[in-house]
Amino acid sequence: MGTYIPFTEEQKLRAGAVDLEEFLRQRGEKLIRSGRDKRMESDHSVTVRGNEWYDHSARRGGGPIAFVQRFYNKSYPEAVTLLLGGENGTAYPAAREKTEEERKPFELPPANLNMRRVFAYLMKQRCIDKDVISHFARSELLYEDAEHHNCVFVGTDEGGIPRHAHLRSTNSFGEAFRINVEGSDPRYSFHHIGRTGCLLAFEAPIDMMSYITLHPHLWKEHSYVACCGTSILPVQKMLERMPRVDTVFLCLDNDSAGSKASERFASELSARGVETERLLPEKKDWNEDLAAQSQAREVTRSCQTMCCP
């Protein structure tokens with residue numbers, strides 16, 4: 001039985017008002033921008049904004065006290081004490097007062113007149129095969145936005161209407177910019193539908209295209225989906241659209257967040273009678289594997305050139 005601590009109402013309110021973004025930063029958690037929210041690097045399915053959090057995979061959320069109880073495995077008294085600064089005397093600021101925000105309707109960013117920067121970035125920096133890039137460009141599922149020259153990965157619904165867009169910066173320097181366009185429907189992310197009973201699920205569009213580059217043989221026959229995070233919603237929607245799929249290959253990142261998400265996916269899909277198999281990249285993700293393979297080929301070519309002038 002937990003220790004009873006008679007917190008005052010003022011203390012409870014103060015603990016419940018803590019800014020979760022600042023709380024996590026002070027505790028060493030890296031946050032990734034995700035629209036107006038911040039996404040936890042250690043668990044991509046969890047987003048925070050102000051003093052609120054939401055677990056997109058479990059479809060539940062709440063305030064700071066419930067967050068600390070759930071993710072730090074603390075009792076209610078322990079959670080409140082921690083949020084009030086009871087650990088090492090740390091003081092956590094309160095979140096700004098929430099203002100009512102109007103949700104914008106989904107709209108694709110205007111397209112650039114050409115895709116030179118996107119092709120250069122994906123081919124030269126990401127080592128993705130030109131034909132793979134061209135396929136998605138011709139299908140109008142990949143383009144370059146006019147304002148910032150980002151890669152735009154488009155997700156469409158059953159009627160081919162765009163419902164989701166994921167942006168990825170093509171900059172060579174600074175922190176990578178990755179964000180879903182506001183108003184995107186998380187069920188319809190970047191994907192390809194084939195004819196076999198296999199579906200391969202990835203975290204990011206670039207990982208999906210990297211895997212295809214690594215395994216090009218008859219790739220169009222299979223189906224692929226990039227979850228743009230670790231939410232299972234895109235996979236569930238693909239299964240609704242493709243009832244013939246009997247096996248889902250979980251190709252998420254080879255790290256803690258990817259492993260946790262894969263276990264969660266496997267459990268939920270098993271409950272609905274769908275078989276799963278984990279496919280692990282040798283390095284952190286499939287693009288790192290592709291980059292390593294490309295580098296090895298360059299080294300081999302250089303050696304051959306030097307040995308055979």
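Leu142 has Phe153 as its bridge partner in β7. The strands involved, β6 and β7 (residues 151-156), pair in the antiparallel sense over 3 bridges; two strands pair if DSSP finds at least two bridges between them. Strands here are DSSP runs (E, at least two residues), helices are runs of H or I with at least four, and both are numbered from the N terminus.

A friendly note on the model: it is predicted, with local features needing pLDDT of at least 70 and side-chain atom pairs pLDDT 80 or more, while totals for chains, interfaces and linings use all residues. Residues are numbered from 1 along each chain as its sequence is written, and side-chain values use heavy atoms, leaving out hydrogens and water.

The pair belongs to an open sheet of 4 strands, ordered β6-β7-β8-β9 with antiparallel pairing. Each edge strand has a single partner, so one side of each is left without a neighbour in the sheet.

| Edge strand | Residues |
|---|---|
| β6 | 142-144 |
| β9 | 178-180 |

Now to the helices. The axes of α3 (residues 64-71) and α4 (residues 76-83) come within 9 Å and cross at roughly 115 degrees; axes are lines fitted to C-alpha atoms, for helices over the stretch in contact, and angles run from 0 to 180 degrees between N-to-C directions. Pro64, Ile65, Val68 and Gln69 of α3 meet Tyr76, Ala79, Val80, Leu82 and Leu83 of α4, where contact means heavy atoms within 4.5 Å.

Finally, Pro93 sits in the loop between α4 and α5 (116-125). Its C-alpha atom is separated by 9.0 Å from that of Leu20, 73 residues apart along the chain.
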